[in-house]
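I looked up each item in turn and recorded what I found.

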Amino acid sequence: MRILSLPNIGTLLLLLGACAPNTEVVDSWKDPNLQPRKFNKMLAVFISKDATMRRAAEDEMVHKVPRAVASYSVLPEGIVGDRARVKAWLQQGGYDGVVILRPVAVDKETTYVPGNTYVVPTGYRSMYGYWGTGWTYASDPGYVQQDQVVSIEGNVYSVDDEKLLWASRTKTYNPESVRNLVSDIVDATVRTMKRQKALATSGVARPADQPDQLSFVTVSAPAQRS
């Protein structure tokens with residue numbers, strides 16, 4: 001598997017075809033001792049050395065994650081690589097959660113799509129047996145399909161105890177843009193977190209045209225019965 005540098009990932013996303021994006025969560029983990037909590041101020045981080053890509057991704061994260069702030073707009077560039085200074089900055093800024101997305105790979109997947117063979121109906125067998133038995137069976141030839149696949153890691157941390165609460169890896173096929181990529185990742189993650197009961201719901205119905213938002217209101221796992 002070839003792993004491209006982050007700037008190359010940004011360039012590649014601009015060159016991908018117009019196929020409809022398709023994102024799936026291929027792996028996920030949640031803290032088994034997850035306690036109920038609600039984040040009031042989150043830092044949204046997209047790790048990339050491509051400034052344009054980072055800004056577009058974090059803007060979309062903020063759009064999808066309530067009470068989140070894009071790191072590029074507030075985090076001083078001079079301390080990004082200094083863990084101690086970032087820790088102090090987060091605490092001083094009143095942040096209680098951090099959500100991080102990081103591109104890990106861009107690959108190509110080749111899939112063979114088999115064709116179909118069908119039998120011509122009996123009623124068609126006229127005109128000299130439809131020019132012989134060779135025409136009795138017709139084939140729809142198979143073809144090879146190649147997709148661009150972007151793999152992204154997503155982690156959610158609490159600031160006070162520095163614990164990892166949620167981790168996942170997604171695969172997106174043929175993304176059209178960085179914004180669409182992030183939007184699809186958040187939507188797929190929301191569905192997975194709800195299914196695994198790692199995301200509380202407000203109980204209020206959302207309009208059909210309003211997208212899901214990743215609120216990171218977490219709930220503890222149900223108690224085991226004796």
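**Thr192.** I located Thr192 in helix α6, which spans residues 178–195. The model I am reading is a predicted one. Is Thr192 buried or exposed? Its relative accessibility is 5%, so I record Thr192 as buried, the cut-off being under 20%. Leaving aside residues up to four places away in sequence, I found that Thr192 touches Val25, Ser28 and Trp166.

**Helix pair α2 and α6.** I next examined how α6 meets α2. Two packed helices are described by the angle between their axes and the distance between the axes. Here the axes of α2 and α6 cross at roughly 35 degrees and come within 8 Å. I noted the crossing of α2 and α6 as right-handed. On the α2 side, the contact is made by Met53, Ala56, Ala57, Asp59, Glu60, Met61 and Lys64; α6 contributes Val178, Arg179, Val182, Ser183, Val186 and Asp187. Sorted by class, this contact of α2 with α6 has seven nonpolar, five charged and one polar residue.

**Positive phi values.** I then turned to backbone angles. Asn174 is not a glycine, yet its phi is positive, at about 50 degrees. I placed Asn174 in the loop between β8 (164–173) and α6. Its relative accessibility is 9%, and therefore I count Asn174 as buried.

Arg67, also a residue other than glycine, has a positive phi near 65 degrees. I found Arg67 in the loop that joins α2 (51–64) and β3 (68–70).

How values were computed: Residues are numbered from 1 along each chain as its sequence is written. This is a predicted model: local features need pLDDT of at least 70, side-chain atom pairs count only at pLDDT 80 or more; totals for chains, interfaces and linings use all residues. Side-chain values use heavy atoms; hydrogens and water are left out. Helices (H or I, at least four residues) and strands (E, at least two) are DSSP runs, numbered from the N terminus. Buried means under 20% relative accessible area, exposed over 50%, partly exposed in between (1.4 Å probe, protein chains only). Contact means heavy atoms within 4.5 Å. Axes are lines fitted to C-alpha atoms, for helices over the stretch in contact, and angles run from 0 to 180 degrees between N-to-C directions. A crossing is left-handed if the near helix is turned anticlockwise from the far one by less than a right angle, and right-handed if clockwise. Ala, Val, Leu, Ile, Met, Phe, Trp, Tyr, Cys and Pro count as nonpolar, Asp, Glu, Lys and Arg as charged, and the others, Gly among them, as polar.
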